[in-house]
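Here is a briefing on how this chain packs. Look at the structure, then read the points by topic.

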Amino acid sequence: MKPAPDEEPRTGLLTWYGGIHSRRDLRVRGSLLMTPGLMWLLIFLAIPTSGLVLLSLAQRGDFGDIHWVWNLENYKRLLGYGLFGWTPDHLKILGRSLMVGLVTTVICVVLAYPLTFYIATRPMKTRTWLLLLLMVPFWTNVVVRTYAWMLILSPQLPPAKIAAFFGFIGQGAPLFPGAFATYLGLVSTFLPFMALPLYSSVERLNWELLEAARDLYASRWQVFTQAILPQTRPGLTVGVIVTFIPAMAMFVVTDLLGGAKYMLIGNLIQNQFGVSRDWPFGAALCLALMALTMVGLMLYRRWGDPRPDPDRAQEGRS
């Protein structure tokens, strides 16, 4: 007679990977296996984050030094409260950063799906070369690529001349700085980050499900939402995460292609740790960026990720 699932075996022994072990032995082995990962998180995540929290509660001195006087002035300043009353400038930068991350991610998703489907349906030899071209941007620094876009968008080259011909810009003016150049630089930077994880899912796509959906007279949108999206969800989830998070904090592209007209939170953090030498306020901005990242991931999990919630599914079964 087997013991009930919630009862402990009388012998106190358990089988694990074909061997018989005691509970204490399994706890020790589990602790040893978890220790490297926990140490990594402690050294590279928990300790730096704790340092940022402590630094954000300090104050900047008159000459850029740090006064360890604990208060919430940096967070009040982040919310817009200062010596001259309330101003929404910092909140606008936070909101603009979130919007830029969302828009960049959406554009990358829209471009990555047809791109990955095109690559996945080519012959193997052609597919290898296309993937190689997709990974070429990783071989060059983002600053070099941004300066290349500045050259392409300069007044002497055809894109700016065509835009001036149709009246979008003045004669002899470049296509930067501005929102168009900023999004162009961001999308070109993060499109490979979206396409490569998505390609790994598209390559393993079950095409019989697509044919079955077409045989059942499903529309193109229904084929995408019911047959393609569920199968490519793992790659899409990874692509959204690795695109949305760095897009919000990017400062090189926005600084060169957006100029002072398009400051994001990454530019503001750079200024605090650089020219302004206000490290406590910069730490508060870093924590705000982390909070924005968590909000974006939670929103994606709540509305954008089609995976069912296991807790809700368990409640439904019960």
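The largest nonpolar core has 45 residues. A nonpolar core is a set of buried Ala, Val, Leu, Ile, Met, Phe, Trp, Tyr and Cys residues joined through side-chain atoms within 4.5 Å. Buried means under 20% relative accessible area, exposed over 50%, and partly exposed in between (1.4 Å probe, protein chains only). This is a predicted model: local features need pLDDT of at least 70, side-chain atom pairs count only at pLDDT 80 or more, and totals for chains, interfaces and linings use all residues. Residues are numbered from 1 along each chain as its sequence is written, and side-chain values use heavy atoms, with hydrogens and water left out.

**Cores**

- Y113, M194, L236 and M250 have the most contacts inside the largest core.
- Helix α7 gives the most to this core, with eleven residues.
- Y113 touches L198, F224, I228, L229, T232 and L236, leaving out residues up to four places away in sequence. Contact means heavy atoms within 4.5 Å.
- In soluble globular proteins, nonpolar side chains tend to be buried together.

**Chain totals**

- The chain has 14 helices and six strands. Helices (H or I, at least four residues) and strands (E, at least two) are DSSP runs, numbered from the N terminus.
- Of the 318 residues, 33% count as buried.
- Among contacts between residues at least 6 apart in sequence, 61% join residues at least 24 apart.

- Helix α4 covers residues 124-135. Its twelve residues should span 16 Å at 1.5 Å a residue, and the end C-alpha atoms are 17 Å apart, which agrees. The expected span is 1.5 Å times one less than the number of residues.
- R127, L131 and L134 are buried in α4. They sit on the same side of α4 because they cover an arc of only 55 degrees around the axis. The arc is that of the directions from the helix axis to the C-beta atoms.
- K125, W129 and L133 are exposed, on the face of α4 turned away from its buried side.
- The buried residues of α4 pack against α3 and α7 (179-202).
- The axes of α4 and α7 come within 10 Å and cross at roughly 150 degrees. Axes are lines fitted to C-alpha atoms, for helices over the stretch in contact, with angles from 0 to 180 degrees between N-to-C directions.
- R127, L131, L134 and M135 of α4 meet P192, A195, L196 and Y199 of α7. By class, this contact has seven nonpolar, no polar and one charged residues. Ala, Val, Leu, Ile, Met, Phe, Trp, Tyr, Cys and Pro count as nonpolar, Asp, Glu, Lys and Arg as charged, and the others, Gly among them, as polar.

**Helix α6**

- A160, A163 and A164 are the buried residues of α6 (residues 158-165). Their arc of only 100 degrees around the axis puts them on the same side of α6.
- K161 and F165 are exposed on the other side of α6.

**Two single residues**

- T104 lies in helix α3 (residues 89-120). T104 counts as buried because its relative accessibility is 0%.
- T104 is in contact with Y183, L186, V187, F190 and A247, leaving aside neighbours within four places in sequence.
- E208 is in helix α8 (residues 207-215). E208 is exposed, with a relative accessible area of 60%.
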